[in-house]
Amino acid sequence: MMLVRRFFDERLAQASYLIGCLETKQALVVDANRDVDQYIRAADAEGLAITHVTETHIHADYVSGSRELAARTGARLYLSDEGDEHWKYAFAADANAVLLKDGDTFDVGSVRIQAVHTPGHTPEHLMFLVTDTSTADEPVAALTGDFIFVGDVGRPDLLERAANFAGTMVAGARTLFRSLKVMERYPDYLQIWPAHGAGSACGKGLGALPQSTLGWERRFNWAFRIDDEETFVQRVLEGQPDPPAYFALMKKVNKEGPALRGPITAPPRLPAARLDALLASGARVVDTRDAEVYAAGHVPGTINLPLTRAFTTWAGWLLPYTEDIYLIAEDAAERRIVEAVRELALIGLDRIAGWFGGDVLAGRELRTIEQVDARTAAARVEAGEVDVVDVRSRAEYDAGHMRGARHIPLGQLLKNLHTLPAGRPILVHCQGGTRSAIGASLLDAAGFTQVSNLTHGFREWMEAGLPVEEGTAQAAGAKH
């Protein structure tokens with residue numbers, strides 16, 4: 001008999017799977033993230049030993065935990081040997097990994113796993129067919145990785161847009177179209193177990209359901225309803241979200257071999273007296289408190305990344321990989337610090353050198369960030385009293401924006417600070433107020449002293465019936 005357990009990380013919108021054989025007590029983990037303790041605990045709870053570890057492809061959105069999990073448990077590592085020379089696992093030999101080609105199989109007790117080469121999202125991508133041979137001789141499910149999602153397919157543009165392999169996204173789209181044709185050989189009842197859900201940047205329209213069936217996807221997934229290759233190429237490439245800046249580094253790390261980190265623990269708590277010297281040295285200090293609490297009073301020079309679902313994504317966009325990082329949390333919040341360190345470790349931000357409690361706020365002059373509503377903002381814009389910075393995505397800006405707003409997506413804000421006028425009041429906004437709160441903190445930390453945040457964002461502006469323009473954003477930092 002086969003046991004299946006799905007793990008879902010909400011901040012990464014990432015799914016991984018533990019598949020066990022209850023007779024032999026062996027287990028396989030597929031697409032592990034870096035928090036490998038969760039898989040070990042789950043296997044122990046079921047009386048299973050993790051004996052096999054694999055992944056569908058070289059991931060771009062998080063540091064893979066496959067190498068660490070195999071090292072911690074003594075499991076055998078199985079890795080793709082498909083794709084061209086640019087996308088081979090460089091550490092496979094050192095890890096004594098078994099290399100898989102299209103059609104190769106391996107057994108986890110009575111569970112048979114068959115690799116199927118499904119390139120397009122990446123050249124080396126594999127899908128794994130899962131057969132419980134104790135009850136059937138045909139596969140019950142496909143671990144589709146970033147090939148097929150619920151309602152969508154994996155984006156083929158990341159090699160070009162994130163990893164800077166020029167000229168690959170159209171070719172990848174054509175390859176993906178042909179990979180989808182491979183699914184014609186499989187029955188409608190085949191379950192689809194994808195590696196991502198709604199909220200992932202690995203596609204543009206992923207559904208929130210945890211799994212699907214091939215028959216359902218054939219009927220309702222847009223990608224299966226297009227028979228013309230040219231039409232498919234156009235559709236799959238249009239409207240893809242900007243890939244976070246850290247994706248390129250994740251590709252490199254996961255190809256060359258993630259470092260073995262060990263258990264995730266909290267860094268030391270530091271005395272409040274150290275904070276001023278760190279800020280004076282230019283150290284990056286991240287206040288993890290809620291945005292409204294930060295806006296009401298914070299230490300000048302710190303930035304605000306609240307521990308929301310978006311924490312990991314924006315940390316990857318905005319924090320340095322080559323410098324120490326320090327965190328601020330409320331007193332008695334070590335649990336939240338461990339949570340933050342875990343989330344940062346998932347994307348390879350390991351240099352968390354220490355944290356401060358709420359005592360750093362005592363006995364000093366705190367800064368505030370003004371929160372304004374749409375009507376107040378409109379009056380200031382109309383009077384020419386503020387410059388507006390729109391930190392939404394390009395697609396959001398193109399669909400409608402304030403007249404005269406500068407479009408600088410939040411992920412590009414730090415590198416475009418020099419384009420903003422010194423000494424002028426700046427109003428920052430996004431769609432609902434979350435991204436703009438982070439953006440306002442970045443400006444405040446950079447020395448812009450007259451920063452305000454549109455609390456409920458462009459959504460409130462629209463609901464108030466205030467003036468909106470449509471048009472195409474030209475480039476980050478350009479004024480429109």
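Trainee: Let's start with L214: is L214 buried or exposed?
Mentor: L214 is buried, with a relative accessible area of 0%, where buried means under 20% relative accessible area, exposed over 50% and partly exposed in between, using a 1.4 Å probe and protein chains only. Keep in mind that this is a predicted model, in which local features need pLDDT of at least 70 and side-chain atom pairs count only at pLDDT 80 or more, while totals for chains, interfaces and linings use all residues. Residues are numbered from 1 along each chain as its sequence is written, and side-chain values use heavy atoms, with hydrogens and water left out.

Trainee: And which residues does L214 touch?
Mentor: Leaving aside residues up to four places away in sequence, L214 touches M183, Y186, P187, D188, L190, I192 and F224, a contact being heavy atoms within 4.5 Å. L214 belongs to helix α5, residues 214–220; helices (H or I, at least four residues) and strands (E, at least two) are DSSP runs numbered from the N terminus.

Trainee: Switching to N33, where is it found?
Mentor: N33 is in the loop between β3 (26–30) and α1 (37–45), and N33 is buried, with a relative accessible area of 2%.

Trainee: What does the side chain of N33 make a polar contact with?
Mentor: Its partner is the side chain of Q14, at 3.0 Å. A polar contact is a pair of N or O atoms within 3.5 Å; within protein, one must be able to donate a hydrogen and the other to accept it, and residues adjacent in sequence count only if both atoms are side-chain atoms.

Trainee: Now the sheet: what is the order of the five strands?
Mentor: The open sheet runs β19-β23-β22-β20-β21, with parallel pairing, and two strands pair if DSSP finds at least two bridges between them. The edges are β19 (370–372) and β21 (406–407), each with a single partner strand, so one side of each is left without a neighbour in the sheet.

Trainee: How many bridges join β20 to β21?
Mentor: Two bridges join β20 (residues 387–390) to β21, and V389 has R406 in β21 as its bridge partner.

Trainee: Last topic, how many residues has the largest nonpolar core?
Mentor: The largest nonpolar core has 54 residues, a core being a set of buried Ala, Val, Leu, Ile, Met, Phe, Trp, Tyr and Cys residues joined through side-chain atoms within 4.5 Å. Helix α11 gives the most to this core, with six residues.
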